[in-house]
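Please look over the sequence and the structure before reading the points.

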Amino acid sequence: MLAYLVSEPNGPFTPVDLPRPIPAAGQVLVRVHASGVNPLDTKIRSGQGAHAHQPLPAVLGLDMAGAVEEVGPHVTAFHPGDQVYGMVGGVAGIPGTLAEFVLADAALLALKPQSLSMRQSAALPLIAITAWEGIVDRANVRAGQQVLIHAGAGGVGHIAVQLAVARGAQVFATVSPDKTAIAQRFGATPIDYRALTPDQYVQLHTAGQGFDVIYDTVGGPTIDASFAAVKPYTGHVVSCLGWTTHSLAPLSFRGATYSGVFTLMPLLTGHHRQAHGKILHQIAQLADSNQLRPLLNDHHFTAATIAEAHQQVESGSLGKVVVELISG
């Protein structure tokens with residue numbers, strides 16, 4: 001099979017001919033139609049992202065959408081020809097999705113949304129799972145709550161906004177002024193974090209009470225700002241980038257709670273992989289009921305322009321970047 005190998009930090013994507021994988025028990029061989037590009041992919045390519053445990057040389061790519069080519073023993077949920085999507089490789093030494101075929105644990109897959117194209121579907125797995133684990137699994141967002149999403153026009157952020165809206169919450173999103181319309185399109189009240197301090201937007205939007213749930217998708221000082229803006233006693237802060245050192249005093253003095261999201265854990269450990277497939281099944285249902293859509297980058301990328309796709313992500317692209325290995 002044709003695959004695109006990166007052999008050294010920031011090296012080129014070299015086309016290579018690799019043996020076509022044979023699915024073992026519980027595995028599915030998928031013909032990749034589209035491969036999503038995440039910031040983590042660019043970090044791994046640059047030799048960073050040590051937490052992903054993906055040494056070079058490697059075939060990169062976590063996300064994909066494609067068609068089932070072959071199933072291994074004991075796989076009953078999928079059949080040849082099924083259109084599926086998932087976050088299936090590219091870390092923990094597992095070959096990634098920038099290849100003609102990818103071997104996937106069936107537990108990590110779901111049927112792709114019928115209403116979305118392969119390109120749209122390939123944009124979703126990592127960001128949708130990360131958003132779901134924060135909004136649903138950790139915070140249990142529900143109707144009537146005031147929810148703040150930091151970087152609400154970003155990859156994880158714009159999906160988190162839509163999930164919180166679908167669950168009946170009143171949603172707010174910190175964005176830069178040029179992304180105000182994006183937050184509004186997905187159902188959030190935009191907050192210009194450059195113009196307003198946390199104290200100011202807490203007073204403006206919650207009458208000084210604080211937000212019921214805050215999802216930080218930025219990390220660093222934004223976590224500290226979240227601790228200072230959450231509602232006392234019942235408030236909950238979630239972060240998918242809580243990797244630095246922070247003072248818990250502002251949170252503790254509010255009697256509020258915190259939890260973290262580490263989306264890679266099932267891929268890295270092999271445990272609880274079925275949770276990812278179940279999440280993606282529910283994401284597909286939301287998409288097919290017109291409650292969720294990915295924001296895609298305006299540029300189209302192919303196998304010939306994978307390096308440009310990575311450059312687009314590294315530059316802080318607006319919308320998800322996807323490489324289409326099979327057009328259409």
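Which residues of helix H6 (residues 198-206) are buried? They are Tyr-201, Val-202, His-205 and Thr-206, where buried means under 20% relative accessible area, exposed means over 50%, and partly exposed lies in between (1.4 Å probe, protein chains only). This is a predicted model, in which local features need pLDDT of at least 70 and side-chain atom pairs count only at pLDDT 80 or more, while totals for chains, interfaces and linings use all residues. Residues are numbered from 1 along each chain as its sequence is written, and side-chain values use heavy atoms, with hydrogens and water left out.

**Helix H6**

- Helices (H or I, at least four residues) and strands (E, at least two) are DSSP runs, numbered from the N terminus.
- An α-helix has 3.6 residues a turn, so residues three or four places apart point the same way.
- Asp-199, Gln-203 and Leu-204 are exposed on the other side of H6.
- The buried residues pack against strand E9 (146-150), strand E10 (170-175), strand E11 (189-192) and helix H7 (221-229), with contact meaning heavy atoms within 4.5 Å.

**Salt bridges of Arg-20**

- The whole structure holds 6 salt bridges, each being a side-chain nitrogen of Lys or Arg within 4 Å of a carboxyl oxygen of Asp or Glu.
- One of them joins Arg-20 to Glu-69, at 3.9 Å from N to O.
- This pair links distant parts of the chain, 49 residues apart: Arg-20 is in the loop between strand E2 (14-17) and strand E3 (27-37), and Glu-69 is in strand E5 (residues 63-71).
- Arg-20 also forms a salt bridge with Glu-70, with the closest N and O atoms 3.9 Å apart.
- Here the partners are 50 residues apart, with Glu-70 in strand E5.
- Arg-20 is partly exposed, at 39% relative accessible area, as are Glu-69 at 28% and Glu-70 at 31%.

**Salt bridge of Arg-31**

- Arg-31 and Glu-100 form a salt bridge, their closest N and O atoms being 3.4 Å apart.
- Glu-100 is in the loop between strand E6 (83-87) and strand E7 (101-105), 69 residues from Arg-31 in strand E3.
- Both are partly exposed, Glu-100 at 30% and Arg-31 at 25%.
- Salt bridges that share partners join Arg-20, Arg-31, Glu-69, Glu-70 and Glu-100 into one network.
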